[in-house]
Amino acid sequence: MIPVCPLRSLPRGEAVRLDADPPIAVFHTEGGEIYAIDDTCTHQDASLADGWLEGCEVECPLHASRFDLRTGKVDAPPAKLPVRTHTVVVQDDTIYVVPSQEPQP
């Protein structure tokens, strides 16, 4: 597990980027859920942690592709490939990410 930050340090509606290999974006939705996905848009090299969070979707800041944080699936073009999702664990008020062992799309 990779420690991300204390839960209180990631406000609802915000995201943080982990400098893992590859980078991982961790999102705290307005509804209180926490999700982690590969940080790089599959359309072009843009950080999804810098995107706009709405519900359980993030919109890429570069060309407006949208990804479902729960599944990684593309919800709006121009991206065609999904992003990989990662498991999130909150333990002792700290957010951790368990990186996926699945290959990148």
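## Ground rules

Helices (H or I, at least four residues) and strands (E, at least two) are DSSP runs, numbered from the N terminus. This is a predicted model, in which local features need pLDDT of at least 70 and side-chain atom pairs count only at pLDDT 80 or more, while totals for chains, interfaces and linings use all residues. Residues are numbered from 1 along each chain as its sequence is written, and side-chain values use heavy atoms, with hydrogens and water left out.

## The S2-S3 hairpin and histidine 28

Let's start with a hairpin: 5 residues link S2 to S3. Strand S2 (residues 14-18) pairs with strand S3 (residues 24-28) in the antiparallel sense over 5 bridges; two strands pair if DSSP finds at least two bridges between them. Within this pairing, alanine 15 has phenylalanine 27 of S3 as its bridge partner.

Histidine 28 also belongs to strand S3. Is histidine 28 buried or exposed? Histidine 28 counts as buried because its relative accessibility is 7% (buried means under 20% relative accessible area, exposed over 50%, partly exposed in between, with a 1.4 Å probe and protein chains only). Leaving aside neighbours within four places in sequence, histidine 28 has contacts (heavy atoms within 4.5 Å) that include Leu7, Glu33, Leu53 and Pro11.

Proline 11 has 44% relative accessibility, so it counts as partly exposed. Between proline 11 and valine 58 there are 16 Å, C-alpha to C-alpha, and the two are 47 residues apart in sequence.

S5 runs antiparallel to strand S6 (residues 57-59), joined by 3 bridges. Here glutamate 54 stands opposite glutamate 57 in S6.

## Two nonpolar cores

A nonpolar core is a set of buried Ala, Val, Leu, Ile, Met, Phe, Trp, Tyr and Cys residues joined through side-chain atoms within 4.5 Å. The largest one has 15 residues, and Phe27, Ile37, Cys41, Leu48, Val58, Phe67 and Leu69 have the most contacts inside it. S3 and strand S4 (34-38) are the elements that give two or more residues to this core. A second, separate core has 10 residues, among them Val4, Cys5, Ile95 and Val97.

Which residues does cysteine 41 touch, leaving aside its neighbours within four places in sequence? Cysteine 41 is in contact with Ala46, Leu48, Cys60, Ser65, Phe67 and Ala79.
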